[in-house]
Amino acid sequence: MMHTMKIKIELIFILSLLSGAASIRSQSDYPTLEIGQPAPDFSLPGIDGKIYILADFKSDILVVIFTCNHCPTAQSYEDRIIKLVDQYKTRGVNFVAISPNDPLSVRLDELGYTDLGDDLEDMKVRAEYKGFNFPYLYDGETQETSKKYGPVATPHVFIFDKERKLKYVGRIDDSEGGIGPETKFDTRNALEALLAGRTPEIQKTKTFGCSIKWSDKRESVKQYYEQINNEAVNLESIDIEQIKQLIKNNSENLRLINFWATWCGPCIKEFPDLVEINLSYRHRNFELITIAVEFPANKENAIKFLRNNHSSCKNYLYDQSKVYDMIEAVNPDWNGMIPYTLLVRPGGEIEYIRQGSIDPLELKREIVKILGRQKDW
């Protein structure tokens, strides 16, 4: 998906606005289901390999939640959804989650708060990692089900009675940041009312979260990658003292430093993952710095490789003939194997060291954990 990358900050901002406007416009074409309307049928693949239809859910009450992997608001509600399922599964309530997003309509800079995207394979990984106890279905291929229900953001809850008429639509609760004494548990309150044979006191609320990534955003995503491809790629020389300063990290950014070489097979193989990671998180307090360990005569090969991979971050070249001095200066415990990767907090605290190839998912989870919804330094 991504070996074509990067974009000037102004263009990222402009395209973000344009794509947001496109999502708003398309939403009017898919109005949210109204109270009293029947649940539209569906036939969707789940993360377990099964195809699910509406009739598979035979409970007295059905809760349909449109959610996704990448949205930080959706992520903050995952544990609450799991808890709701545990509390109501023996009381005649079924839950099903549907991911409405078209993965081809999600740009890398929209993945700055997540370790995963929104395709079906990533959904499987997320569900296993979080221990989802409910069916998780994929609607990103056609989005036909999502168009019929009309979610506006993730997560968005739809609750149906035994006749599968809509009785509540809206948020899970009004306190994404944490439960408190004033929290309004709208989904829970609606379930309790329906289980008691009553109409929920509140049947409709607004919801808050990431917009649905409708397929009409694909063109803006294409433009985004075209801009990335045109970003300047440079390679500067660096010495040991400058490398030491990079590791001290007197910046405001979480800093990922990768040592690599054009003659190193594992370096070449993992490099696109590093570029993708940079594009996902660089609009936050994050930066990638690459250091090619090459003989100066090989500089042209190194810069050609960087340009082919659209590595428009800070790229440096260290003279390979002085490599042992550099290894000792970086970390006496480094055995000299490359690739070699460090994740360094501002102030120089090293959070992650990998001698050899990175595990991209492991590294992204570490980055997301440190950055959080807000940086933790």
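So, how many cavities of 30 Å³ or more does the structure hold? There is one. By cavity I mean a set of points, on a 1 Å grid over the protein atoms alone, where a 1.4 Å probe fits but cannot get out. The largest cavity has about 40 Å³ of space in it, where volume is the space filled by probe spheres set on the points, with grid points joined across faces, edges and corners.

Quick housekeeping: this is a predicted model, so no experiment here, with local features needing pLDDT of at least 70, side-chain atom pairs counting only at pLDDT 80 or more, and totals for chains, interfaces and linings using all residues. Residues are numbered from 1 along each chain as its sequence is written, and side-chain values use heavy atoms, with hydrogens and water left out.

Back to that cavity. Its lining residues, the ones with an atom within 4 Å of a point, are Thr67, Cys68, Asn69, Glu78, Ile81, Phe132, Phe134 and Tyr136. By class that gives five nonpolar, two polar and one charged; Ala, Val, Leu, Ile, Met, Phe, Trp, Tyr, Cys and Pro count as nonpolar, Asp, Glu, Lys and Arg as charged, and the others, Gly among them, as polar.

Now the cores. A nonpolar core is a set of buried Ala, Val, Leu, Ile, Met, Phe, Trp, Tyr and Cys residues joined through side-chain atoms within 4.5 Å. Buried is under 20% relative accessible area, exposed is over 50%, and partly exposed is in between, with a 1.4 Å probe and protein chains only. The largest core has 58 residues, and Phe259 and Ile291 touch the most other members. Helix H8 (residues 265-281) gives this core its largest share, seven residues; helices (H or I, at least four residues) and strands (E, at least two) are DSSP runs, numbered from the N terminus.

Next, threonine 145, in helix H4 (residues 144-149). Buried or exposed? Buried, at 5% relative accessibility. Beyond residues up to four places away in sequence, it touches Phe42, Leu44, Phe66, Ile98 and Asp139, contact being heavy atoms within 4.5 Å.

Last up, salt bridges: a side-chain nitrogen of Lys or Arg within 4 Å of a carboxyl oxygen of Asp or Glu. The count comes to 24. Take arginine 80 and aspartate 173, whose closest N and O atoms are 2.9 Å apart. Arginine 80 sits in helix H2 (residues 72-88) and aspartate 173 in the loop between E8 and helix H5 (186-195), so the pair links parts 93 residues apart. Arginine 80 is buried at 17%, and aspartate 173 is buried at 5%.

Then there's aspartate 115 with arginine 365, at 2.7 Å between the closest N and O atoms. Aspartate 115 is in the loop between strand E4 (93-99) and helix H3 (120-130) and arginine 365 is in helix H11 (residues 360-371), so this bridge ties together parts 250 residues apart in sequence. Aspartate 115 is buried at 6%, whereas arginine 365 is partly exposed at 22%. Through shared partners, salt bridges join Glu78, Asp115, Arg126 and Arg365 into one network.

How values were computed. 1 Å grid on protein atoms, 1.4 Å probe; cavity = no way out; pocket = protein on both sides within 12 Å on 5 of 7 lines; lining within 4 Å.
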